[in-house]
Amino acid sequence: MDGGSSLVAESPNIRPMPAAPADISNGMKVKTTTTSEEDDSSMSSSATEVFDRSESHKTGQWAYDSNGTWRRHGSAESATSTAISSIPSSVDLEDNESLEVSSDFSSKKRMADGTLKHLLTGSDIRPEITPAPVSSVEQSVTATVETTHSTPPKRRGRPPKDKSATVGFAGKVRRASMISKLQDRVRPRSSIPAQLPKDVFASECIEAAEASRLDPYALHAGEHQLLADMLMHKEVTVYLNIRNAMLRLWIQNPLCSVTIEEAAGCAKEGRFFGLAEVAYKWLIRNGYINFGCTEVPKEPLAVKKSAKQKTVVVIGAGVSGLTSARQLEGLFAQNSEHWTDLGERPPRVVVLEGRTRIGGRVYSKPLRSQVEGSLPGNLRNTVEMGAMIVTGFEHGNPLDTIIRGQLGLHYHLLTDALTIYDTDGKPVDEETDTINTELYTDISDRTGEYRAAPQQHNTLKGDDELIDRARDPIADGFEGFQLEPLFPVDNAKHRKPVLKRGRRRNAPPGTEKLTGRSRVIEESGAPESAARAAKTMGWQLKEGVAKNQSISLHRVAQASLHPTLGTIMDEAIEQYQELIDITPRDMRLLNWHHANLEYANAAPVSYLSLSGHDQDTGNEFEGAHSEIVGGYTQLPRGLMNLPTKLDVRFDRIVDSIHYNDGQDPDLKTKIVCIDGEVIEADEVVMTAPLGVLKSGAVDFDPPLPGWKQGAIDRLGFGLLNKIVLLYDEPFWDDSRDMFGLLNEADKQDSLNPAHYAKKRGRFYLIWNASKISGRPMLVALMAGHSAYEAEQTDTNSLLNDINNRLKKTFAPKVVPAPKEVIVTRWKRDPFTRGTYSYVAPETRPGDYDDMAEPVGNLHFAGEATCGTHPATVHGAFLSGLRVAADVMQSLVGSITLPSPLVGTQVVKVAGLQQMPMQGHQLATTDHAPSGAWGRLSFLDETNAHPTSEIVIKQEHDNINLASVPQMPTDVAGKPTGGPPRQSVCSHDRSFWVQPEIFSSSDLNYEAGIMGSVLSQIGERPAKPKRPGVNPFILYTKDIWDKAKAHCTTNDQFAGRDAIRQTIGKWWRESSEEIKAPYLAASQTAQQEADVVRKEWEINTQKWDHDAREIRKRYVRDRPPPVQQGAMAGASAVGLSKRKTNVSNCVVLEHL
């Protein structure tokens, strides 16, 4: 979750709890604190274990960190700003629970002349950036970070590189625009470890791209838009290899930034430094490298402090707000030349927060009674009032970089062991739990028939086989050039046409309102009939039910313009009741799963869109879920304080935003707070939660356009609440991380799904928070309708209810009264008005994208603007990175491309003076595009300067002539023309025919040699093709017909895409036994291919040796004819072309 949030926490009738006894927790000291010390715990141990390594961690060595991760330490640059022993508190004052913003507070609108009306009695609206007097809050926040080290900071990060990586250049380059000009300063490949095997390096690059949410084999949509018209086909592969190599550097050690020199060193040739520059700029701009709590490379400012400076104001100090502010400061530092070259200072960033704390909906509330030593590093005992779970660190979660890679926070990996207790306190047996879980999954799959999925964006792709080996294509001139536009292949063009976009067979009426960005998936996720599926799960069919009998949800789905998920799933349960015997306990279990879905979406299932409730499916991260030991607030605290402290101003409750929508460029943008303070800004980033936007608490002048306001109105903003119970000793199984409770229907033992909706989310899941809080603690969730009910229920009633459930569940153990009780009521909080967003029935597929779009110089961030990861902390973080790129786009424009993008190919040729030109010039192609792959420039080794720039078009048929017998280097005392002396290579001057010394007799003589070679040893062995060893491809070939029959059964117009999607789903769901033969066949094919390739290499070596011997004998027995100078000049008329006896491009005119 993101945004800003405070809580109505402990109820007044719970506060007078007895003080904690002094002898609890095994004699540990207990310090009773008040909420005035809230949120002042430092990250001490958990932070310094990364930032202040022991002496045993030598530079460049690998070791395990505090969380058991194998990491590399040491850096080429010192990270002075992160070498601290502790991080100061971001908040030292009590959370103002009584803070409520009056809904009828007078707002301030802009008059026609652009001035603001004074509607506040007795308040003075202050001029631009004239802050109120610094209060004790700000004094505590802006306290200077004190270090405890008297010794100089150690050098950390990547180990020092070989000094030979830089050539003739002692200073450091800080401007990304200089990368393309570093050919004489940085050696290519200097960032590619020579001692690392190529396959290992390639796999690390691919894994780094995937860990950054990028396709290692294809351009991102943003890269495609930037480079689609600039790159040739083979240059796409080169660019991807460079980009993946940069990501590898960052992922391996995010404690230090990727420098300009390291970025250039990812290119394998100096002429590709331009591609490295583009990749570096794009990755930085979009937050894929050099982000988070690390120091970034920057230039010393060469402008006066009094110089002009723009201001960016970020509203909200939640995760998205702090991320955007931190990222903007980093981008401004790394792109400072955009302003310093104009005599300006880089823009400053100001964060306005309405509370007296940071974090928003990430809020770790300190307990009143603290036990020293209960957590590592002397962390404080806290409870998570808001966000609590990190949903997997692997496969692209950016929080992995921050939490584990930079801050080094302690975390607890959750186990999936879960026991569910019925209303009588008895645990549900495993078999009953399993068959109900499978039934619920089957119902969910059947509702997936109406799910809307985004269309795939086709982008340019590289060569998979080369990228898998981290190799660039061979520089063979224009062989890969295509005259036709290089557009990506669109598989959708093979689809059969439909009458109306978005309208699909058996789809509910509401789906025809879908935009072109999405389509309805036609294939069903449940291939079997309902009766047969139930039988497979272990259910007993009712008497008279046939195995092919199924359920149909189309009538109910089509009955409403905006069908809901809850309506369809309840209909499926009722139809299943006609096929199998579902008991009241089964109904309670099924509704427990309903409650779990309501927890994930923060809304009752009857509030969720049928087609779009899980529109983020497919973007999930991998790995076990985890919790942060000592409090999730350590994340926003780190973002605020590292590497330098952000300018966060508390108690700034925004009343209105007067932005510039682009109609009047001279109109100033102003933010007005409720106390009358006015702050002028050039760009504004709004990160307030969707609930605040829906409430109208902030006025926008001019009003937001209809498309933006429509998205705000259509999206849902849900609610989830908790009750926290602190005890002296655990009476539950402390080794378990959670357990579940079933709830009774309004009418006992009812089989009607509607009777369970009101109560099913009440304490349905209880977390054991002891491992992250350091104290015996339970956190009970209230989801769905129960979350809203908790807002109106007093704390004593909730406490009595949960105590009765716990006593019944853990009887005969004694369940004592809790030491502390905290109830969250997020709906009452004026800074959130809920918890996180969900897809409501009327939500359109593009609404999340519209939420992210700026309006003039007003930008938006927060989890509700991240359609790929909504309702999550990492979604809020990603939105902060995204909006920072939007602000940079607004301030400095698009990324500038170097010219040329790809430099000329410089080739060193020995003895260049011996190659007579006599005024002749090799043929060139005038139509070659800038940056073409085939550019050549021959370099004389004596003066190291290019002699000419030559652009040559080769044949499209790549004939391997490595075996062509070689001519003597000197006949009649001078070099001869004719065939290549070495293997055919465009880098070699002998590759090109010299007209002034070439005659028809040369061609006839060479033909005689080739005829002798071929007659004696035959053709050169052909290179074997690479086998198809992908196990999924083998599986696809076997299962294609079956999948096609299945898809066409549901839709006779189902195309190849639908069949591929179905096969992909079946493959993912297949057991290891099913996959085993295909994996074995793949391995066998690879082994056979390796054997064939080795044989080919041996045979070609023998053939080349024999061909050379035959040539020697032929030349010895039949010396070549001697040319006369005049004859040579007369017989060599025409254009200079590549000379081969198989070329259809040779233009030679003979007299």
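Analyst: Start with burial. A residue is buried under 20% relative accessible area, exposed over 50%, and partly exposed in between, using a 1.4 Å probe and protein chains only. By that cut-off Asn 335 is buried, because its relative accessible area is 14%.

Next, the ground rules. This is a predicted model, where local features need pLDDT of at least 70, side-chain atom pairs count only at pLDDT 80 or more, and totals for chains, interfaces and linings use all residues. Residues are numbered from 1 along each chain as its sequence is written, and side-chain values use heavy atoms, with hydrogens and water left out.

pLDDT is the predictor's confidence in each residue, from 0 to 100. The protein averages 76, and 69% of the residues score at least 70. Over residues 32–114 the pLDDT is below 50, yet this stretch has 250 contacts in the model beyond near neighbours in sequence. A contact means heavy atoms within 4.5 Å. Residues 909–935 also have pLDDT below 50, with 63 such contacts. Where pLDDT is low, the predicted coordinates should not be read in detail.

Now the overall build. The protein has 29 helices and 32 strands. Helices (H or I, at least four residues) and strands (E, at least two) are DSSP runs, numbered from the N terminus. Of the 1151 residues, 55% count as buried. Among contacts between residues at least 6 apart in sequence, 80% join residues at least 24 apart.

Met 777, Val 779 and Leu 781 point one way from the strand. Leu 778, Ala 780 and Met 782 point the other way.

S26 has strand partners. Two strands pair if DSSP finds at least two bridges between them. S23 and S26 pair in the antiparallel sense over 6 bridges. In that pairing, Ile 723 stands opposite Ala 780. Strand S25, residues 762–768, also runs antiparallel to S26, joined by 4 bridges. There, Asn 768 has Leu 778 as its bridge partner.

Leu 725 counts as buried because its relative accessibility is 1%. Leaving out residues up to four places away in sequence, Leu 725 touches several others, including Met 777 and Leu 778. Leu 799, Ile 802, Leu 806 and Val 821 are also among them.

A polar atom of the Asn 335 side chain lies 2.8 Å from the backbone oxygen of Leu 331.

Elsewhere, helix H27 covers residues 1056–1069. Its buried residues include Ile 1059, Ile 1063, Trp 1066 and Trp 1067. The buried residues of H27 pack against helix H26 (1031–1050) and helix H28 (1072–1117).

Last, the cysteines. A disulfide is a pair of cysteine sulfur atoms within 2.5 Å. By this rule the count comes to 0. Cys 205 shows why for its own sulfur: the closest cysteine sulfur, in Cys 266, is 7.8 Å away, too far for a bond. Cys 205 itself counts as buried, at 4% relative accessibility.

Definitions and conventions
Polar contact = N/O pair within 3.5 Å; in protein donor to acceptor, adjacent residues only side chain to side chain.
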